[in-house]
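This report describes a single chain, part by part. Look over the sequence and the structure before reading on.

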Amino acid sequence: MPVSTGANTNINIRVDSKVKNRAQDVFSALGLDMTSAINIFLRQAIRKNGIPFELIADEPQKKTRQFGRLKGKMWEANDHDWFEPLEDFKEYM
């Protein structure tokens, strides 16, 4: 059992019930309860001195190009330009 250096305290948060239930299922499969999982998150945040995982914006910055694949071809998300794999893509860049 870990050594505690201070008194325990409570944190009250609001979470969508579906999110809570799905998270509980994940934690249960890992042998954890919600309290243990949240304590792990908080300790990792302290250890990393920040959020312990990468945060990514949903929408790319305007200067960022996004590419996808469809049936062996490359396409640019903004203009829907099509490329044959690699060679055409290299020329485009």
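## Lys20 in helix 1

Lys20 has its place in helix 1. The model is a predicted one, and the values given here are computed from it. The relative accessibility of Lys20 is 40%. Buried residues fall under 20% and exposed ones over 50%, so Lys20 counts as partly exposed.

Which residues does Lys20 touch, not counting those up to four places away in sequence? They are Val15 and Met34. Between Lys20 and Met34 there are two distances to note: 14 residues in sequence, and 8.8 Å in space from C-alpha to C-alpha.

## The second largest pocket

Lys20 is also one of the residues that line the second largest pocket.

Which helix gives the most to the lining? Helix 1 does, with 4 residues. Helix 1 covers residues 17-29 and helix 2 covers 34-48, and each of these helices supplies at least two residues of the lining. By residue class, the lining has 7 nonpolar residues, no polar ones and 1 charged.

## Leu32 between the helices

Leu32 is found in the loop between helix 1 and helix 2. With a relative accessibility of 28%, Leu32 counts as partly exposed, because this value lies between the limits of 20% and 50%.

Neighbours within four places in sequence are again left aside for the contacts of Leu32. What remains is contact with Phe27 and Ile40.

## An aromatic pair

How many aromatic pairs does the chain have? The count is 1. The pair is formed by Phe41 and Phe53, whose ring centres are 6.2 Å apart and whose planes meet at 40°. Planes under 30 degrees apart would count as stacked and those over 60 as edge-to-face, so this pair is tilted.

The pair links distant parts of the chain, its two members being 12 residues apart. Phe41 is in helix 2, while Phe53 is in the loop between helix 2 and strand 1 (67-70). Both residues are partly exposed: Phe41 has a relative accessibility of 33%, and Phe53 has a relative accessible area of 48%.

Asn49 lies in the loop between helix 2 and strand 1. Its phi angle is near 60°, a positive value in a residue other than glycine. Is Asn49 buried or exposed? Its relative accessibility is 74%, and the limit for an exposed residue is over 50%, so Asn49 counts as exposed.

## The chain as a whole

The secondary structure consists of 3 helices and 3 strands. Read from the N terminus, the order of these elements is α-α-β-β-β-α.

The chain has 93 residues, and 8% of them are buried. It exposes about 9,100 Å², of which carbon and sulfur atoms supply 52%. For contacts between residues at least 6 apart in sequence, 10% join residues at least 24 apart.

Conventions:
Residues numbered from 1 in each chain as written. Predicted model: local features only at pLDDT ≥ 70, side-chain atom pairs only at ≥ 80, totals over all residues. Heavy atoms only, no water. 1 Å grid on protein atoms, 1.4 Å probe; cavity = no way out; pocket = protein on both sides within 12 Å on 5 of 7 lines; lining within 4 Å. Nonpolar A, V, L, I, M, F, W, Y, C, P; charged D, E, K, R; others polar. Buried < 20%, exposed > 50% of the residue type's maximum accessible area, 1.4 Å probe, protein only. Contact = heavy atoms within 4.5 Å. Areas by Shrake-Rupley, 256 points an atom, 1.4 Å probe, with all protein chains shown as cover. Phe/Tyr/Trp six-rings, centres within 6.5 Å; stacked < 30°, edge-to-face > 60°.
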